[in-house]
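Here are my comments on the model you sent. They take up the surface of one chain and then its contact with the other.

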Amino acid sequence: MIEELLATLTFYNILFAFCGVVLGIIIGAIPGLTATFGIALLIPVTFIMSPAHGMIMLVGIYAGAIYGGSISAILLNIPGTPASIVSGWEGHAMARKGLAPRALGISAVGSGLGGLIAGVALIIMTPTLAKLALSFGAPEYVMLVVFSLIIVVIMLETPIAANVTSAFIGLTLAAVGLSPVGGEPRLTFGFYQLYSGFGIVAVLIGFFCLPQAFALAAEAISGKSEMAVVRVGASRPGEVWRRIVIDKWLILRSSLIGIGLGILPAIGPESTPLVAHSVSRRLSRTPEEYGKGSESGLLSADSSISANVGGSLIPLLALGIPGSGAAAVFIGALTLHGLRPGPLLFIEQKELTYSFFTGYIVVNLMIIVLGFLGARYLALLLRLPKGLIATYITLFSIFGAYAINNTLFDVWVMLGAAILSVLLRLSGIPILPAVLGFILGGLLESNIAISLARADGIGYFLGRPIAIGIAILSVLLIGLTTWRYMRKQTDKTLRGGPADARR
Amino acid sequence: MTAILSALVMAAALAVAFASTLQSDQGPVNYPALVTGIALLRMLLWLVLLVRRRVPVTAAGVPDPEDGATATGVGPLQQTRLLGFALLWTGYALLLPVLGFLLASAIALILSLWIANGHFSVRASLASITFILVLSVLVSTVLYIPVPKSGIDHYLDETIFTILGG
């Protein structure tokens, strides 16, 4: 396997990894632009590349953006991405003490090492999981999709009622097009362009890019255009590496937390650093330093975020089930190249998957190098006026949506998705369950149809232990959530407080 | 109020979608009818929760991990400018087939920067025109994307291919 991995270490793979990381860091460093946004916006660009180069560039953008979010968090206490909140607590406190270069260095190396550990897990776990998934039939896939949606619904911090609504909106969007059984059009309203369903990339650009562009335009219009970024000095390698050596087990532990949470759908990089940080704090000999510029706290947060990226790619590649919103967007990229993520990818596109693994390792090495040497220069990009960024993002969103199928219809689909995204946010409904519902809806419907066609009675389902196992796990999760909700309500009633409708 | 209105619009759209699934050849019991029906019911339930103020929703919405941008409060004049920004880009998509990629994009970029930055900048406008010219050349020679074209685009193509051919 190592030989096969090394064989994919080509000049072009490294070049596209480099481009991806640089673009990702730039995107992540600009507050308001997320990793998911970056991937969605640049998917159309990968159309002119080979699938391997495209996927390597996108994973570079993903990992780079997640790391890049820490730069503005450390220097300005403004998280570039929602995942960088904890990096802001610790990193900015360090920057206020005059330790900005060290904080940037620790963040870069911590992110890179977390990503490398996740890379090892990706290489080991993905083929194993994919082999297991080869034995999966339609009922297993139905239960896997249902399980993923249940996790999304119960794990997000937003009210469960809102999460369920969002998931079913996503499933409704996925049901548009010709029926997989009879071939008759559904929910197309006479538009033949919708016979193959909504274009995934157009919808994702609409969900993630246009609303961000408008939010940035709103900030520019309200006068919050530029940020005062001052030049910072270079990081000293000795100081950073000393910290890495001291905290080697902390990095490993935080990375494992990141990988574990990344594998679960819905737990993206946003909540991971909070968990890793609080675990590190609890196990630390100096917990009082946490939150006040702790180098260990910053390391635990940044290594867990990067590891989460790798973790979220494991179920995506092995099962076709994304572990985060950004990983869900990868399905759009694979679909664009005529590929379907899942166990068959390892058989049909072995070289692609190995290139992807190698690319992911290279990407994380580049984060260490680029972050260490270039973060202080890349931070100057924060001076770009938001009005300028908003304008060009909007142009590229429209251009990207058009370029996929060379049709203006996709531009209107994208605008519709952007309006839906805004309506969801305004009414307090999260977008992530809708995205996962939309991405996984087709898989769910076709596998339900296959299961029902093959089933000759209840015996068909009773003979599927994996499907039954996932079903039991799903029921247990729902039961546990209901029990926690009822206990919370009882506690509130006993205390005489108002009932909480959040859960 | 914004939250309730947004939920109402979505509920209306889901009701239309649900009604269309009931007229399907597959009969009233089919997969799209099931998921659309549940989505509609859940949206109505959410609407009830919003009306009864049982959920902590503000106009800015509840925390969403995918929502990277910070919520911004804008006044009436700024709201008009933001609306102008939205209308400009919607108009761009409408006028693209008529004006062609080069002209429509150049106009949209210049006006968009004017609206977003609050002042007209000759330097930004010239930079935008240069950018869109370079992008148009790339579209014709490298990316091969058949963007909508008008007189100026055809003239640019002829010039490029005359130079390349000569």
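1. A patch, as used here, is built from residues with over 30% relative accessible area and no salt bridge, and nonpolar side chains are joined within 5 Å. The model is a predicted one, and that applies to every point below.

2. Chain B carries a nonpolar surface patch made of L103(B), I107(B), L111(B), W114(B), F120(B), V122(B), L126(B), I129(B), L133(B) and I152(B). Together these residues have about 840 Å² of accessible area.

3. Which helices supply at least two residues each of the nonpolar patch? They are α4 and α5 of chain B. W114(B), one of the patch residues, lies in helix α4 of chain B.

4. On the pairing of the chains, 71 residues of chain A are in contact with 73 residues of chain B. The area buried between chain A and chain B is about 6000 Å², and carbon and sulfur atoms account for 73% of it.

5. How many salt bridges are counted between chain B and chain A? The count is zero. Polar contact across the interface of the two chains amounts to four residue pairs, with both residues at pLDDT 80 or more.

6. On the side of chain B that touches chain A, at least two residues come from each of α1 (2-22), α2 (31-51), α3 (76-99), α4 (101-117) and α5 (122-143) of chain B. The most is given by α3(B), with 12 residues. Sorted by class, this side of chain B has 48 nonpolar, 18 polar and seven charged residues.

Methods
Residues numbered from 1 in each chain as written. Chains lettered and ligands numbered in written order. Predicted model: local features only at pLDDT ≥ 70, side-chain atom pairs only at ≥ 80, totals over all residues. Heavy atoms only, no water. Contact = heavy atoms within 4.5 Å. Buried area = accessible area lost by both parts, 1.4 Å probe. Salt bridge = Lys/Arg side-chain N within 4 Å of Asp/Glu carboxyl O. Polar contact = N/O pair within 3.5 Å; in protein donor to acceptor, adjacent residues only side chain to side chain. Helix = DSSP H or I, 4+ residues; strand = E, 2+ residues; numbered from the N terminus. Nonpolar A, V, L, I, M, F, W, Y, C, P; charged D, E, K, R; others polar. Patch = residues over 30% accessible without salt bridge, like charges linked within 9 Å, V, L, I, M, F, W, Y side chains within 5 Å. Areas by Shrake-Rupley, 256 points an atom, 1.4 Å probe, with all protein chains shown as cover.
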